[in-house]
Amino acid sequence: MKTLIQGGWVVGFAGKEHEVIKDGVVVYDGNRVEFVGKEYGQPVDKKIDAKGCLVSPGFIDTHFHSGINASDYILNDSTKTDFFASNYLAHGGPTREGAHSAHLKDVDIGQRFSLIHVLKSGVTTTFDIGGAGGEPERYVDMIDQVGIRCVAGPSYKNVAFFHDKEGRLEYDWNDERGSKGLQTAVEFAKKYNGACSGRMTAMLFPGHVDSCTPALMKETKIAAKDAGVGIQIHATINLFEFHTVMQRERCTPIELLKKIGFLAPDVSLSHCIFVSGHSWLAYPYGDDLKIIADSGSSVAYSPLKYLKLGILMESFDRYRLAGINMGIGTDTFPKDILSDMRYAAIASRVADKSFLAGHPRDVFNSITLGGAKMLGRDDLGRLQKGAKADITIVNLRDIAFGAVRDPVRSLMETAVSRDVRSVIVDGETLVDKGQYLRLNEEDLLEKVQAKGEEVWDSVSKWHWTGKAIDEVVPPSFQMR
Ligand SMILES: [Zn+2]
């Protein structure tokens with residue numbers, strides 16, 4: 001079936017980079033783009049009017065964790081009191097006794113919710129780091145039902161993190177835990193790569209540079225090559241990790257990855273904030289950015305997560321100009337790729353002390369072409385003949401946008417997920433008029449609220465303080 005989208009600003013692909021076509025036309029036939037341009041003379045089966053809208057290639061979120069926002073709520077404030085800038089570690093490790101009641105993950109409500117949430121911000125492809133762990137079959141079924149394109153796999157590491165009763169973080173090392181985890185991940189990749197009518201791409205997700213042994217990371221490289229899949233690993237994501245690796249290995253986490261032959265074009269590094277020269281490190285030696293750029297590895301940067309913690313990447317532009325392929329991820333909550341694109345741009349201006357940094361073109365490239373390059377795909381992140389029919393339509397005709405001259409700049413400066421009108425993945429319309437079509441959002445939200453309360457109620461059972469959520473993370477005002 002041929003569908004024609006007309007009347008908006010179309011972001012087409014002009015061979016090497018995007019171009020904007022005013023009053024443009026996009027035609028897709030089944031799950032492939034058939035035509036992008038000014039006029040289409042042949043008959044079509046269906047027409048979509050996109051007057052006043054930006055018609056864009058679907059966005060690619062390169063770092064996302066499915067699950068409800070309950071744990072992000074805990075992340076917000078408590079992290080600064082434990083382990084300088086340790087982010088997830090402050091709540092990532094339960095007490096040994098409470099481990100069974102921590103982080104209640106569930107496929108049907110929490111994971112489904114966050115995938116729909118990110119889809120509604122215009123994301124058509126998301127890297128769901130570790131989301132497939134636990135119940136792979138149910139997970140794959142759920143992805144199939146949601147309709148999004150997903151880069152998936154279970155994550156694994158040698159370490160289990162625990163806190164003792166006085167709040168000391170313990171790295172519980174276990175070689176077998178790592179190799180078994182890798183084995184499970186490889187089995188997932190072999191079974192499910194290409195599942196969901198081709199919408200699922202398997203990837204290996206070893207946990208972090210400080211939670212995996214060099215041996216496990218080397219085994220990961222061999223296994224990825226054998227299975228024909230890519231790798232993403234969390235790297236230099238907090239100060240604690242940087243100093244732990246520095247003490248253990250006598251080099252930066254990035255230098256360690258280079259030393260063991262880990263870095264390559266099929267590898268992406270999550271976050272990658274604390275590289276040599278970062279102002280918080282007091283470590284002016286070496287050139288981590290050059291190491292990454294020379295290797296061809298990409299960086300999956302999640303600006304909001306770090307801004308919440310008062311931390312800047314130094315900087316998006318510096319990485320890009322060093323020659324690193326940059327993707328953007330949502331990671332925390334809210335999962336709104338349009339806001340994250342804006343945060344990436346503005347954080348770069350602050351870090352660089354320059355209003356010239358963080359150009360709309362460059363952050364838009366990151367949520368389209370950058371993510372596609374990370375996956376080695378030339379049929380995603382662009383609208384041209386033969387590309388996948390993954391299309392996001394954003395309404396720019398609204399008081400919030402005012403007069404529009406450069407729609408990509410307007411998108412970067414103003415748009416949020418609630419401006420997304422339609423999301424089409426693989427030729428299927430999943431979101432129309434701002435509503436997700438495959439289930440009742442109200443029903444889902446009721447379940448999500450109940451699930452969140454369940455997670456918050458469990459905090460005293462696993463948190464090392466033994467305190468309730470309101471003491472660990474006090475609410476903004478007294479609640480009654
Ligand atoms: Zn992550």
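**View 1. The two domains of the protein chain.** The protein chain is divided into domain 1 (2–58 + 383–435) and domain 2 (59–374), with bounds that come from an automatic or database domain assignment. This is a predicted model, in which local features need pLDDT of at least 70 and side-chain atom pairs count only at pLDDT 80 or more, whereas totals for chains, interfaces and linings use all residues. Residues are numbered from 1 along each chain as its sequence is written, and side-chain values use heavy atoms, with hydrogens and water left out. The C-alpha centres of domain 1 and domain 2 lie 29 Å apart.

**View 2. The area buried between the domains.** In this view, 28 residues of domain 1 are in contact with 31 residues of domain 2, where contact means heavy atoms within 4.5 Å. Together the two domains bury about 2,200 Å², 66% of it on carbon and sulfur atoms; buried area is the accessible area (1.4 Å probe) that two parts lose on being put together, summed over both. In domain 1, the residues that lose the most area to domain 2 are His18, Gly58 and Met412, which together make up 26% of what that side buries.

**View 3. Salt bridges between the domains.** Two salt bridges are counted between domain 1 and domain 2, a salt bridge being a side-chain nitrogen of Lys or Arg within 4 Å of a carboxyl oxygen of Asp or Glu. Asp390 forms a salt bridge with Arg149, and the closest N and O atoms of this pair are 2.7 Å apart.
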